[in-house]
Amino acid sequence: MKDSYFARFQGIVGVGFLYILIIIVLAAATIVEHFMGTPATHDAIYGSWWFVGLWILLVLLGCIYFMGRFRHKALNLTNVNTILIHFSFVVILLGALVTHTTARQGIIHLRGDQPVNIYMNMDYDNMTGDRLPFYIKLDKFAINYHAGTDSPEDYVTHFSIIDGASTIHASVAMNKIYTYRHYRLYQSSYDTDNQGSYLSVSHDPWGISITYTGYALLFLSLLLLLINPKGSFRALLRNPMLQKGFMTLALLVFPFLANATVPTPDQQTADHFGRLFMQYNGRICPAQTFALDFMQKVHGSHRYNGLSAEQTLVGWIMYPQEWAGEPFIHVKSKKLREEIHVEEYARLSDFFPGGNYILGPYIQAYGQGNHDALHKASADVDNKIEILMALRMGKPLKMIPHTVGDVTTWYCPTDTLPSTIRGDEALFAKNIFPMVFQMIAEGDNGQANNFLDKFAEYQQKNAGNSLPTPQQVKAERIYNAVSIPSILFMFNLFMGFVVLGVVFRRMRAAHLNRPTRFAFAAPLFSVLLVVSFLALTLTLVLRWIISGTVPMSNGYDTMLVMAWMVMLAMLFASWRFRGLRLMTLAFGFLLSGFFLLVSHINAMDPAIGHVMPVLNSPLLSIHVSIIMMGFSLLALTFICSVTALVERSQEKELQLFSRLLLYPAVVTLTIGIFIGAVWANISWGNYWTWDPKETWALITLMVYAVPLHTQSLPALSRPRNWHWFMALAFLTLVMTYFGVNYFLEGMHSYA
């Protein structure tokens with residue numbers, strides 16, 4: 001028996017040593033990459049034989065340890081699930097090994113009409129040529145621009161595959177790959193004269209299949225970890241200490257708005273303008289919607305110095321020169337601000353010193369494939385400037401409808417109107433806005449309002465069946481009136497921490513055998529969560545009415561629905577499990593709040609902007625939201641540990657709560673990481689590139705997975721040790737979320 005325990009101890013020491021060594025190597029590699037560059041780091045570390053050997057050795061020692069541990073144990077659902085979780089990682093690592101040893105990746109250059117079958121291997125040591133089993137010939141490369149602008153919407157390569165006697169015509173674009181004989185082709189870059197194109201080539205028929213099998217096993221086993229009635233997580237939920245009940249303070253900051261100094265119409269006239277219809281974002285909607293999205297995209301807020309979105313929009317249209325001197329354009333990237341010497345809120349004139357466009361060289365480099373954090377930030381600001389320049393020419397304002405038969409076309413005031421429009425109507429439509437703006441400038445707002453109302457009648461008469469229904473218009477006006485998700489994310493997060501404070505206060509009172517206070521808390525918080533749930537329900541119903549479809553069409557809708565589902569589930573849980581009522585209410589507020597936070601962040605880049613197609617993926621939204629959920633739960637474990645280290649009388653209770661949070665935190669973090677890998681493989685052709693953000697996310701996962709193994713590491717069962725570990729582990733999360741952005745470079749540095 002002693003020999004058996006000694007063998008198990010040796011196994012733990014061996015696996016633990018390798019585990020810690022790999023974490024240290026991964027962390028060091030990101031630092032090395034920062035100073036020596038990506039090629040040298042991949043050559044010296046990530047692609048080296050010894051790095052691969054470390055992972056293989058860890059798998060072998062882990063398997064030996066597992067066989068010894070479970071040799072004499074009767075298998076049950078819990079043991080099988082434990083084995084399955086660890087086996088899924090073995091499969092994932094096996095897939096990575098197969099990809100590393102058998103996959104081929106490279107770049108093929110297409111130019112002219114000459115068929116080619118040689119692509120250059122993406123090897124960090126040197127560039128070598130490899131052959132495709134078929135030929136590719138460029139038919140045409142095209143840059144598709146957004147209507148009315150010179151801002152690229154997509155890069156498309158049309159080509160022919162010549163395979164023996166057969167010829168296949170195909171195309172690739174950003175985030176639209178083409179697969180032939182297990183070779184996947186991606187749009188990569190293009191020649192500056194637009195006469196040639198670079199395609200990424202990926203050939204990995206076995207590694208991806210094995211890796212995805214590992215992902216599927218992992219997702220299944222992680223979900224089983226949470227729902228298994230005899231598992232550790234469910235046992236924690238049944239702990240009687242959870243029926244017992246620390247105060248968390250928060251600050252509410254109310255911004256005070258200054259008065260506007262630039263010329264603008266009054267609110268009533270701007271509201272008349274906002275009620276007009278226009279073609280925007282693929283549908284007909286009130287101009288108010290365009291104004292709000294315009295503000296959110298360019299300025300990052302729905303108001304500017306006390307002015308409404310409609311006032312600001314009309315101000316930009318009427319007085320472009322005056323508004324060009326306003327600090328209106330939000331430049332989010334600190335690195336870009338320092339590079340081009342502008343403030344966080346820059347003027348349009350700041351980007352044209354001496355008549356030269358200061359972002360020109362950065363945008364050219366971005367178009368040629370340089371997508372680091374600086375150039376992505378440049379492209380983001382360039383999109384905002386494109387919107388302003390297009391607005392100054394009136395191009396987005398497609399407000400003049402003309403119907404021929406059943407087809408309605410919307411024109412902007414600067415378009416050449418078709419000859420089928422009657423002369424008097426064409427004259428009215430072309431001159432309505434100059435007349436209205438002249439009246440506003442002269443202070444004749446009443447007459448301006450009358451003319452805007454006449455133009456509204458003109459739209460009703462000439463728009464055919466293209467206008468939304470009165471119910472849809474009313475729903476959209478209500479939806480635009482108050483940004484409910486933005487309010488709810490702050491309210492829910494605040495209430496979540498308040499409820500947690502009450503939970504901890506009750507736990508402390510029970511520990512000290514004092515009377516339990518806040519008897520009113522559970523009913524009050526239940527009512528508040530119901531109110532929040534109903535408000536979000538109203539938001540989803542309004543979006544459903546406005547769009548005419550179930551609100552699940554994009555990432556923003558998905559986040560709202562997920563927050564709605566979380567609140568519904570936690571309301572049910574608080575009713576079903578009375579002993580956990582306050583805890584479930586805290587989960588309901590916090591998790592829904594973080595989902596709404598993610599949706600709020602996404603809403604900062606609305607559809608009016610030209611989002612890169614590769615980033616317009618539901619998988620990306622899901623990846624970000626689930627990662628955020630995991631990070632938020634891990635942040636709560638840090639709060640628990642710091643509180644326990646300060647107030648030792650609550651160590652056991654806080655350890656229990658921290659363990660309860662850790663299980664879903666690790667599950668969501670793991671699922672989020674690997675959903676991100678799937679998205680990257682679909683969009684970029686690689687499911688793992690050892691980018692610093694990826695690497696530190698993996699380090700965070702590996703570190704936080706350690707305290708889940710208290711049976712193998714009994715020292716972590718002791719509250720003091722547990723809290724010290726969890727407090728220090730939080731440093732890896734800080735490095736992942738903040739440190740990579742500020743100190744390291746990579747594809748995720750902007751995220």
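A salt bridge here is a side-chain nitrogen of Lys or Arg within 4 Å of a carboxyl oxygen of Asp or Glu. By this rule the count comes to 13 salt bridges. The structure is a predicted model, in which local features need pLDDT of at least 70 and side-chain atom pairs count only at pLDDT 80 or more, while totals for chains, interfaces and linings use all residues. Residues are numbered from 1 along each chain as its sequence is written, and side-chain values use heavy atoms, with hydrogens and water left out.

| Pair | N to O distance |
|---|---|
| Asp 130 and Arg 104 | 3.3 Å |
| Asp 191 and Arg 111 | 2.7 Å |
| Lys 137 and Asp 139 | 3.1 Å |

Asp 191 sits in the loop between strand S7 (183-190) and strand S8 (196-203), and its partner Arg 111 in strand S1, 80 residues apart. Strands (E, at least two residues) and helices (H or I, at least four) are DSSP runs, numbered from the N terminus. Asp 191 is buried at 12% relative accessibility, whereas Arg 111 is partly exposed at 38%. Buried means under 20% relative accessible area, exposed over 50%, and partly exposed in between (1.4 Å probe, protein chains only). Lys 137 is partly exposed at 21%, and Asp 139 is partly exposed at 37%. A network of salt bridges links Arg 422, Asp 424, Glu 425 and Lys 461.

In helix H9 (residues 309-318), 10 of the 10 residues are buried, so the helix is largely enclosed by the rest of the structure. Among them are Glu 310, Trp 316 and Met 318. The buried residues of H9 pack (contact: heavy atoms within 4.5 Å) against helices H7 (267-274), H8 (287-298), H10 (320-323), H13 (373-392) and H14 (423-441).
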